[in-house]
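Colleague: Please take a close look at a single part of this model. Give me the cut-offs as you go.

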Amino acid sequence: MYDTPFRAERDVSAKDTKIAAREVQVYYGDTHAIKDVSVDILDKTVTAFIGPSGCGKSTFLRCINRMNDTIDIARIEGLIEIDGEDIYDRRVDPVQLRAKVGMVFQKPNPFPKSIYDNVAYGPKIHGLAKNKAELDEIVEKALRRGAIWDEVKDRLDAPGTGLSGGQQQRLCIARAVATEPEVLLMDEPCSALDPIATGQVEELIDELRQDYSVVIVTHSMQQAARVSQKTAFFHLGNLVEYGDTDKIFTNPQDSRTESYITGRIG
Amino acid sequence: MSDAANPASPAASNNGARSIHTVDARTKKRNASEKRFKYYGIAAIATGVFFLVVLLGSILWNGVSAFQQTYLEVPVYLDPERLDRENPSSATTFTYNPLIAEAVWERAQELGFGDEFEDEGGMSPLISASAAAIIRDRVIANPDLIGETIDVRILAGSRVDGYLKGRVDRDSASRDRNIDVAHLELVDAMQENGSIRKVFNWDFITGTDASESRAEQAGIGVAMLGSFFMMLVVLGLSLPIGVATSIYLEEFAPKNKFTDLIEVNISNLAAVPSIVFGILGLAVFIQFMHLPQSAPLVGGLVLTLMTLPTIIISTRASLQSVPPSIRAAALGVGASKMQSVFHHVLPLALPGILTGTIIGLAQALGETAPLLLIGMVGYIATNYPDGIASGFLDPNSAMPAQIYEWAKRADPAYYERAWGGIIILLVFLFAMNAIAILLRRRFERRW
Amino acid sequence: MPTSWLVLIVLALAAVGYVLGRQRALSGAGGDNRKLHSLPSYYGSNVAMKVAVPALIALAAWLILQPLAVETTIRADLAEEAERSERPISLVMSDVRRVANGLDTAIERGVITRERAANMRTEFTDVRERLAEAGVALGSAVNSNVLEAAQRYRGFSAIGDIARTSFVLLLAVGGFLYALRESTPDFRARNTVETGVRYLLITAACIAILTTIGIILSLVFNTIEFFRVYPATEFFFSTTWSPSFGGGSELGILPLLWGTFYISLIALLVAVPIGLFAAVYLSEYASKKVRGVAKPAIEILAGIPTIVYGLFALLTVGPLLLSVFGDGGLGWMRAGTAVMTAGLVMGIMLIPFVSSLSDDIINAVPQSMRDGSYGLGATKSETIKQVILPAALPGIVGAILLAASRAIGETMIVVLGAGAAARISGNPFEAMTTVTAKIVSQLTGDADFQSPEALVAFALGMTLFVITLGLNVFALYIVRKYREQYE
């Protein structure tokens, strides 16, 4: 099944805007890391952020669920809305926001707990299950969505850290979807994985699109081309170009995008 | 910016079930528990700091008064009928005691206390037992004084000192056999008149320990010398041995069982209770080698063994922090391994080694338990060492041992001395740590 | 010749050797540095090393071994005297030593002549009186056996001293000549010196092993000696501790162990929650500024000597607790020194120990764990309680065990703050005592080292050593395993 490179569906014309960002600025101390970024991210779509290292794509991603709050020196200006609600509003509790906007990280980071507890952690803290049976159901559903159920169903009590790298990352995705988020942020989810595991995760991402708005940061242009419908190209903190993936890769408007895609900068 | 990134309007508002602008009940509960947890943390820090403040506060509160001492200033008539000008040393302190008491009694009469005290015998609680010896020494040094009236400043008795410092009051004096309320009245009058005064107590810092009944005379000076000689031993032995061990382990030791054995030994020694080192000192240095008891040399040897792991651990850390490129550079120009270590690595690691050594010394300076076992307690340090050899070999006390000794004595006047001793000890420790921190700041190197 | 002179002579010879060795090598090369195998200073160092090192090692060894050899010889003749006076040989031996030293002092002060000291007989002279004239006080009259032994002791020592001086000087001069002959331009001086230095480094490294051996031997031999005069089962299983120096002591360790563990438990109950919460706050919540102030402030507590804590317990905390729980207050406490007093103060002492160890361990939990948890919408406290602390648990258990070992081995706080009564009781406001406090009380004072009352201290020390060593090895093992997991 990996013989032919996997390729996602392209048509996204009729989707709603899920996340809207307007003139977002991010400063790390004195460094102006994100400059004037405005972008609309669609629901039930995979959006890829590409660009050379240090271009700000991960930083911008971390703004969307306010993970930058955990960094003391980070300062964010501008407007980011999810479903029309400003996420930097005073009334917003980042904890609640993050339940709605899940995140998967570059390096698989399962907790040193059992597989079951890893997945059950989110539902437990957010109080999603009334009883053990419901929790079991949520965990199974999440593991199935994470496309790892068949591999781990017999050893749910085994530590999550004992899985292989690809399994760990799928476990982390299952863990993220267990809290029933509406948006899933993925920060280079495949960069620590081998090609086969990468293929599995990419396929999973495409499936997740049925229910979520997925935003994925990636180093690999091939990956962006394979999994996303929309692509945003970042360069030196600016959002240079944003549009349909096919268009960006075949007919970029900006010369910087073209240089990057053809391998002249990066 | 491309056209695609500039949409007409933000996403349509969708205040569904999961609006993030209203905080749901569960999140409120979770945030409350978050706050509680954070307050536990703050409370823990506050408790720790509170303990520190109470500890330092009670040291200062109880100890500062040790740096003041009450003195009597009275003219003493050196009666030639009782003192022999030709042979001044023939008169013992028993001859001088009444002379002093009479002088004080006279002052009491002048102040209108003639009725309360019928003779000079009632004056003895006011006068330190050490006063006679001091005047006697002065007369022996200068026999011409006999027959004259000299103004002397002598130590007041410890109860009087306690009264001026608030340790003794009328209530406790009425229950005390050693002093009466009338004495305190007299002290008040004499203080007003200027013949009893509190002055800065140099003798506490430089003086010798005194016997159990003369708290007012006791000083920590000799014990300080004892500590000093001990620290010389510790420095002289633990620095070279510690540095040599670290150099061997870091730079030369092959990876084998023997090296592992040394490493395990060092890390375990660092955690052996200090009292066990005391047992070692007693059994090996005193019982087996017959080194003298209570000698700073033995104390220094025991503390050296205790300090070595600290120094080795910090020296190894600073040797490790010298980058391998320095070693490679030295070897590359044809230096031997030994030369690369001694000419390049060691000098670069030196600030770190010194910092670690000072901190190790500070630990050793405050250590008490092993000193108890090698006889540094129970010895009353009343003599200054005569010279360097005697400094190392003659029985002496050490600052922490002296403090312990004072804390054990029954007279509460000694508690004040113990607290005062702690202030001096802590001043040394803070100074040493400050030097270590300065050294680290000054020479800290980022590779 | 006094030892200090001998050392000075050897060092002077080494200094001369340095200069001569350097010169000889240089002149052999016709004054041309480049013709030498090594730098000139290495030739000098080679000679100095070969003069000083063997001579000084021999001197040190001789100084330690000679008294042993002399004593073994003398001791053999004292069996009869020991039997007669019904005292252990070691006591008689210490008498002999005292008399011998007394004679030395007397000669030094000119009270008696050297010949007189050697020929003195108890039948004709009151030795005790003569020595008193020299300012040497002896406890009892000297009998003829002891005096003869003392005279023989002095004789052997004198011969030994002469032999030592000659042997050491011979070694020094021998080394001097040998090394000087070596100092030709072709001689590989640097390699020789470096090998020598290397051996010195190894010797220094072995001191750690020697210390451990010293501790073990001094504990083991005296403990065996103790079990010879006192039954081991009584020691380990008796619940009574009542030493009396007149004999008939009961020396059961259980009440002491109980006191030790009770006090340590209270100390840990104080230190672990405070230390752990402080560490969590400092590493997860505190701003840089707060951390920069609070962390050193708490660590000051670690730099304060234990004698200070002891005094704090005795004079501040004890009376304070007494005023609350004593007769004036709740009436549970009879004196300021109690398990509670010592435990509380020891707990304060251990706070920085627990907090800085836990701080290190919490910081070793990778940031990705925190990110993962925050990314799921967990609050900080949920992250700490459910992710960080479970992940750090082995390390924290290790830290607590290390703190426990500290508490068990702590001496000054319990000596001053816990009281002296050995009892097994559940009331934390009663005075109890610990293993360490009893080691101190049995070994200070004028007890005879051979009596069970003094020897028991070594058995106590052995127990203490074994317990703390076990705890440490186990704790370090756990901590190391934990660190490897995240490296």
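Modeller: Domain 1 and domain 2 of chain B bury about 600 Å² between them, with 53% of that on carbon and sulfur atoms. Buried area here is the accessible area, taken with a 1.4 Å probe, that two parts lose on being put together, summed over both. Three residues stand out on the domain 1 side: Ala66(B), Phe67(B) and Arg167(B) supply 68% of the area that domain 1 of chain B buries against domain 2 of chain B, more than any other three residues.

This is a predicted model, in which local features need pLDDT of at least 70 and side-chain atom pairs count only at pLDDT 80 or more, while totals for chains, interfaces and linings use all residues. Residues are numbered from 1 along each chain as its sequence is written, chains are lettered from A and ligands numbered from 1 in the order written, and side-chain values use heavy atoms, without hydrogens or water.

The bounds come from an automatic or database domain assignment: 65-200 for domain 1 of chain B and 221-443 for domain 2. Their C-alpha centres are 45 Å apart. Nine residues of domain 1 of chain B and eight residues of domain 2 make the contact (heavy atoms within 4.5 Å). Two salt bridges cross this interface (a side-chain nitrogen of Lys or Arg within 4 Å of a carboxyl oxygen of Asp or Glu). Arg167(B) pairs with Glu416(B) in a salt bridge, with the closest N and O atoms 2.8 Å apart.

Now the sheet of chain B. It is open, has three strands in the order S2-S1-S3, and pairs antiparallel. Strands S2 (149-155) and S3 (196-200) of chain B are at the edges with a single partner strand each, so one side of each has no neighbour in the sheet. Two strands pair if DSSP finds at least two bridges between them.

Neighbouring strands are turned by 35° against each other on average, direction ignored. Axes are lines fitted to C-alpha atoms, for helices over the stretch in contact; angles run from 0 to 180 degrees between N-to-C directions. Strand S1 (residues 68-77) of chain B is joined to S3(B) by five bridges, antiparallel. Thr70(B) has Lys198(B) as its bridge partner in S3(B).

Helix H2 (residues 93-110) of chain B touches S1 and S2, its direction making about 95° with that of S1(B). Helix H3 (residues 131-141) of chain B also touches S1 and S2; its direction makes about 140° with that of S2(B).

Definitions and conventions:
Helix = DSSP H or I, 4+ residues; strand = E, 2+ residues; numbered from the N terminus.
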